Amino acid sequence: WLDLGNFFETDGADAAGVAALARDAIYVHAKDFRSESGGRRFCAVGTGGVPYDLFLSALLGSGSPKFVTVESHVTHEPRIAICRSIRYLRASIRD
């Protein structure tokens with residue numbers, strides 16, 4: 001289980017680290033957020049600060065995981081955020 005949002009919060013999280021972990025990942029968990037004073041504000045995947053373009057490229061270059069899921073944590077219009085996240089991930093994985 002590889003949680004890309006949580007991994008991003010660790011020191012040294014980069015595309016090479018994702019590629020190294022991806023070899024054993026069957027399940028990938030995606031969430032995104034923006035850093036704000038006082039903490040994080042969760043948003044649709046691909047619209048925040050997590051470098052999903054780099055992370056997904058590294059992930060897919062190491063072989064596709066079997067499952068990719070969305071954990072939004074978005075409190076304002078969560079359904080819209082989840083739909084946007086799914087569209088972003090589908091488009092990114094297909095390319």
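1. Against which elements do the buried residues of α3 pack? In this predicted model, the buried residues of α3 pack against β1 (2-3), α1 (4-8), α2 (15-22), β2 (27-30), β3 (32-36) and α4 (78-94).

2. Helix α3 spans residues 52-61, and its buried residues are Tyr 52, Phe 55, Leu 56, Ala 58 and Leu 59. Because they cover an arc of only 160° around the axis, they are placed on the same side of α3. The face turned away from that buried side carries the exposed residues Asp 53, Ser 57 and Gly 61. After the helix comes Gly 63, whose phi is positive, near 105°.

3. The next point concerns the sheet. Strands of a sheet pair through backbone hydrogen bonds, and the pairing may be either parallel or antiparallel. Here three strands form an open sheet in the order β1-β2-β5, and the pairing is parallel. The edge strands are β1 and β5 (67-70), each of which pairs on one side only. Between β2 and β5, which run parallel, there are four bridges, and Ala 30 can be found standing opposite Val 70 in β5. Helix α4 lies across β2 and β5, and runs at about 150° to β5.

4. Is Val 45 buried or exposed? Val 45 has a relative accessibility of 3%, and because buried means under 20%, this residue counts as buried. When neighbours within four places in sequence are left aside, Val 45 is in contact with Ala 30, Lys 31, Asp 32, Tyr 52, Ser 85, Tyr 88 and Leu 89. As for Ser 72, Val 45 is 27 residues away from it in sequence, while the two are 7.7 Å apart in space, taken from C-alpha to C-alpha.

5. The last point is about empty space. Rolling a probe the size of a water molecule over the atoms shows where such space is left. In this model the largest pocket holds about 280 Å³ of space. Its lining is made up of 14 residues, of which Arg 41, Phe 42, Cys 43, Val 74 and His 76 lie nearest the centre of the pocket. Both β4 (39-43) and α4 contribute to this lining, each supplying at least two residues.

Definitions and conventions
Residues numbered from 1 in each chain as written. Predicted model: local features only at pLDDT ≥ 70, side-chain atom pairs only at ≥ 80, totals over all residues. Heavy atoms only, no water. Buried < 20%, exposed > 50% of the residue type's maximum accessible area, 1.4 Å probe, protein only. Arc of directions from axis to C-beta. Contact = heavy atoms within 4.5 Å. Pairing = 2+ DSSP bridges. Axes fitted to C-alpha atoms, helices over the stretch in contact; angles between N-to-C directions. 1 Å grid on protein atoms, 1.4 Å probe; cavity = no way out; pocket = protein on both sides within 12 Å on 5 of 7 lines; lining within 4 Å. Points joined across faces, edges and corners; volume = space filled by probe spheres on them.
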